[in-house]
Protein chains: 2
Amino acid sequence: MATNQGRAASAVPNWEAALLEQSLSRRVQAAGPAYWGAGATAAPPPIPPIALTGGVPDPESLPFDDLAEAARVVLEREGRPALQYGGPQGFLGLREWLAERVGQADGLLLGPENITITNGSAGALANICETFLDPGDVVMAEAPSYPGAMRTIRAQGARVEGVPVDAEGLRPEALAEAVEALSRGDARPKLLYTIPNFHNPTGATLSLERRRAVLEIARRHRLLIVEDDAYGEIRFEGERVPSFFALSGGDGVLRVGTFSKTLATGLRVGWVAAAQEATDFLVRMRFDMGTSPWIQRLVAEYVSRGLLDSHLPQVVDIYRRKRDTMVTALAEHCAPNVRWRLPSGGFFLWLEMDRRVQPSAIGGLRETAAEEGVAYVSGDTFFVDRSGNQFIRLAYSFVAEQEIEEAIRRLGRALKRADTGPRPGTSQSGPAR
Amino acid sequence: MATNQGRAASAVPNWEAALLEQSLSRRVQAAGPAYWGAGATAAPPPIPPIALTGGVPDPESLPFDDLAEAARVVLEREGRPALQYGGPQGFLGLREWLAERVGQADGLLLGPENITITNGSAGALANICETFLDPGDVVMAEAPSYPGAMRTIRAQGARVEGVPVDAEGLRPEALAEAVEALSRGDARPKLLYTIPNFHNPTGATLSLERRRAVLEIARRHRLLIVEDDAYGEIRFEGERVPSFFALSGGDGVLRVGTFSKTLATGLRVGWVAAAQEATDFLVRMRFDMGTSPWIQRLVAEYVSRGLLDSHLPQVVDIYRRKRDTMVTALAEHCAPNVRWRLPSGGFFLWLEMDRRVQPSAIGGLRETAAEEGVAYVSGDTFFVDRSGNQFIRLAYSFVAEQEIEEAIRRLGRALKRADTGPRPGTSQSGPAR
């Protein structure tokens with residue numbers, strides 16, 4: 001009989017083991033356990049933790065009333081198409097708006113034929129991987145990177161090759177070296193998955209110079225670029241750097257965006273911008289008859305009213321304040337043990353810990369943080385080889401601003417308790433350059 | 001530059017052809033053109049056709065007000081979880097309701113751990129195929145069957161083997177023969193995809209006796225059963241026949257359901273009921289972070305208020321009337337050329353035409369029907385080998401009741417014009433047994 005973590009036995013027994021085993025696809029076996037919210041602490045926490053875990057928007061800032069109104073208006077005005085199949089490529093009106101928006105940002109003339117609407121950017125990545133990856137293919141990605149994407153890639157039977165980053169993000173020379181080394185073997189890297197703006201988890205933004213260098217490497221090795229720009233619109237300061245999509249004129253680049261970070265993750269509306277023929281192939285790999293046209297139409301209504309344009313600066317202000325509050329608290333409570341680099345946008349701070357701190361080991365930070373009541377995502381989550389034990393990711397986006405200092409104070413206490421070695425005289429602590 | 005069917009050239013050129021070609025996955029190449037609404041006529045119709053094409057609900061009957069109210073209430077009461085990630089398995093409350101509902105119908109004790117919420121039943125089928133099919137696998141299915149499912153199966157690199165049906169649906173002996181013949185070769189059939197209730201397109205419902213025989217064959221050959229029950233709740237008369245899921249106690253059976261036909265296709269809410277361990281593997285193959293929890297929660301609100309239970313008998317009445325109207329009109333306007341079997345539920349009438357009528361050939365029914373102003377889905381759409389030219393599928397669900405007679409009158413005229421041969425004295429015309 002089926003039982004699971006204390007649940008009552010279900011009257012539907014599991015299948016005969018041999019039947020299940022011989023029926024599973026190779027892909028589901030490659031996929032491994034479900035990815036669902038990275039890196040909660042293992043044991044139930046002794047006190048309710050303050051969560052610095054999820055890359056999700058500030059819950060107070062979600063535009064409930066405007067979305068409810070858009071949902072109502074759309075159903076009243078265009079109820080039938082909102083409640084019927086909308087097609088695998090998505091609602092034309094939203095694709096037109098996105099073509100205009102992305103086109104303007106990138107200095108390209110896009111049409112609705114260049115856009116596919118997806119179930120969030122996670123759905124976009126799944127769609128892209130299914131369209132372009134075969135078992136045995138090699139995908140280059142920043143190490144560290146977003147674990148949801150890594151899992152999606154690996155579930156195709158493809159292999160992820162991590163490219164080391166520095167404080168400025170992806171290192172073009174490291175990419176070139178890795179690709180060349182692989183190409184000398186029997187593997188041909190097919191695709192680069194990259195998060196160029198406010199990287200998850202490092203927060204780094206790739207410079208224009210590096211983007212040009214990366215694009216040149218991609219061209220030379222016939223590497224597709226999948227550019228995940230989930231966080232690009234959450235910019236606190238500095239100038240927007242042109243996207244790979246813009247720099248390439250769209251050739252060989254798939255640009256992924258989402259309303260999840262700017263509006264709400266629960267809408268599940270993301271998109272891919274790409275050349276038309278590539279888009280046509282993406283649409284071929286959609287078997288879900290498209291996501292809900294009601295949701296797509298209410299998002300179109302919301303953005304067409306200019307509400308995203310007024311919402312964005314408000315939430316950017318919120319995240320900038322939260323980042324600043326967190327950094328101030330880190331300097332006060334954690335500085336001797338950690339360093340970080342100030343992100344100029346996005347949701348995350350990436351902390352490198354002193355080698356004496358053991359964040360992922362039992363008895364290390366993982367345990368003391370749980371005891372002190374603060375939750376983060378440990379660094380190994382973001383590396384396919386599970387290295388990265390000296391890092392943790394803190395999300396400042398979701399936690400209430402007034403809880404940030406307390407969270408970081410708790411983290412500071414946890415760090416001190418996990419600091420098992422003697423303190424050297426020449427500590428490299430404090431903010432990184 | 002990219003141009004497409006009269007659209008202005010996009011400033012984003014297509015990729016260099018070799019880059020695209022060498023980058024596409026084998027799966028997207030196997031998938032073929034996008035499936036999007038089967039079988040419109042080829043040329044633009046000379047007069048606006050009455051559409052008997054889509055398997056979609058009566059648009060007048062869509063419960064706009066109740067859904068809008070549920071959307072509002074849910075956002076007011078549980079706005080935060082509605083607008084945040086809800087997880088790949090779906091909203092617990094809706095899974096609990098479905099476990100209760102499906103469990104009651106099937107006489108099984110189900111829990112939320114047995115249910116996965118998907119992007120409609122199309123999303124459910126994609127999820128199942130990804131979890132259980134590898135390239136080279138063989139899937140048995142009724143011939144004819146739902147083309148969306150066939151496409152999803154084939155895009156995994158799997159092969160569909162059609163099993164001939166008779167007026168009562170899937171023939172167990174034909175299934176056994178086909179499976180045994182295949183097993184003598186190097187192929188082991190892995191899965192049976194079947195639509196046992198109000199089959200799409202034939203309308204047939206499989207008897208209890210046949211279900212037992214099919215289940216026995218599946219057991220003997222270790223064939224999983226995927227039971228697509230999209231139409232099961234649209235029953236006009238007769239007793240509900242126990243599902244494969246019920247008959248097997250859940251062992252080796254995945255039961256697919258949806259709110260698309262009972263409520264609205266545009267919600268994109270379907271589900272899979274299965275043993276817990278099988279469900280866990282389905283969830284592993286979800287990379288989309290789940291569909292919108294807002295939609296899932298508003299559906300839960302709608303059904304929990306008992307609104308589905310009051311809506312269902314109303315729409316069943318509508319579809320019964322529409323079926324009867326269509327059958328009466330067929331007897332009057334088409335009987336000399338066609339035969340059909342009265343479906344006891346669902347959305348479709350499956351017409352077998354006299355051999356003299358050429359429904360899919362140029363100059364045959366396809367052309368005359370377009371000229372007369374009536375659209376249907378031609379039979380070859382439902383056969384993987386594109387046979388079935390002597391059949392057409394008529395959907396009575398979507399068309400306005402008052403248009404049905406005119407549609408069938410037009411079809412009758414088109415049939416007469418496409419009837420190119422001499423009429424034999426012993427015509428088998430009129431309703432089939």
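Okay, which residues in α5(B) meet which residues in α6(B)? Hold that thought for a second.

Quick housekeeping: this is a predicted model, where local features need pLDDT of at least 70, side-chain atom pairs count only at pLDDT 80 or more, and totals for chains, interfaces and linings use all residues. Residues are numbered from 1 along each chain as its sequence is written, and chains are lettered from A and ligands numbered from 1 in the order in which they are written.

Back to the helices (DSSP runs of H or I, at least four residues, numbered from the N terminus). Ala122(B), Leu125(B), Ala126(B) and Cys129(B) in α5(B) meet Gly148(B), Ala149(B), Thr152(B) and Ile153(B) in α6(B). Here, contact means C-beta atoms, placed from the backbone, within 7 Å. Of these residues, six are nonpolar, two polar and none charged; Gly counts as polar, by the way.

The axes, lines fitted to C-alpha atoms over the stretch in contact, come within 9 Å and cross at roughly 25 degrees. Angles under 35 degrees count as roughly parallel, so α5(B) and α6(B) are roughly parallel to each other.

Now, the two chains. Their contact takes 88 residues from chain B and 88 from chain A. On the chain B side, the largest share, ten residues, comes from helix α3 (residues 64–83). By class, that side has 47 nonpolar, 24 polar and 17 charged residues.

And how do the copies relate?

How values were computed:
Two residues are in contact if their C-beta atoms, placed from the backbone, lie within 7 Å. Helices (H or I, at least four residues) and strands (E, at least two) are DSSP runs, numbered from the N terminus. Axes are lines fitted to C-alpha atoms, for helices over the stretch in contact, and angles run from 0 to 180 degrees between N-to-C directions. Angles under 35 degrees count as roughly parallel, over 145 as roughly antiparallel, 65 to 115 as roughly perpendicular and the rest as oblique.
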